[in-house]
Amino acid sequence: MSHGKQENRIRAFLAGSGWVDVDSVVFLASGEYNENYTVRSTDGKTYVFRINHGSQLGLERQIEYEFRVLEAVHPSGVTPRSYFFEDNPSGIDGGVLLMEYIPGAPFDYRADRDKAAG
């Protein structure tokens with residue numbers, strides 16, 4: 001599926017969810033189990049909308065697990081805050097999560113591991 005079609009599905013889902021009023025949706029990045037989009041709200045805030053497509057842990061409710069983990073570690077001050085999740089969203093294939101957007105760069109094990117360990 002093209003990113004443009006998925007962006008339209010995300011817009012439609014968010015319009016019906018009441019989570020945030022959407023100004024724009026743009027593809028951010030994807031991995032083996034998730035695809036991520038930045039969502040800019042009409043009030044100027046930026047979020048990450050994650051779509052989950054599987055679980056390396058074998059969990060049926062992977063997106064809820066990710067939501068709960070982010071909730072638990074958010075007080076560390078180095079992870080995004082999780083706002084909402086839906087295990088079976090209408091119009092989107094996979095569980096979804098809306099979380100805080102924190103600008104940054106990809107994790108570099110050599111340069112970042114000591115900071116991450118702290």
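Here is a short walk through this protein chain, from its overall build to its pocket and surface.

The model is predicted, so local features need pLDDT of at least 70, side-chain atom pairs count only at pLDDT 80 or more, and totals for chains, interfaces and linings use all residues. Residues are numbered from 1 along each chain as its sequence is written, and side-chain values use heavy atoms, with hydrogens and water left out.

Let's start with the fold. The chain has 3 helices and 5 strands, and from the N terminus on they run α-β-β-β-α-β-β-α. Helices (H or I, at least four residues) and strands (E, at least two) are DSSP runs, numbered from the N terminus. The C-alpha atoms fill a box of roughly 40 × 35 × 25 Å along the principal axes.

Now for a link between two of these elements. Arg-50 and Glu-66 form a salt bridge, their closest N and O atoms 2.9 Å apart; the term means a side-chain nitrogen of Lys or Arg within 4 Å of a carboxyl oxygen of Asp or Glu. Arg-50 lies in strand β3 and Glu-66 in helix α2, so the pair ties together parts that are 16 residues apart in sequence. The structure holds 5 salt bridges.

Next, look for the largest pocket. A pocket is an open set of points on a 1 Å grid over the protein atoms alone, where a 1.4 Å probe fits, with protein on both sides within 12 Å along at least five of seven lines; lining residues have an atom within 4 Å of a point. This one is lined by 28 residues, with Val-78, Thr-79, Pro-80, Ala-105 and Phe-107 nearest its centre. The elements giving two or more residues to the lining are β1 (22-30), β2 (34-41), β3, α2, β5 (96-100) and α3 (109-117).
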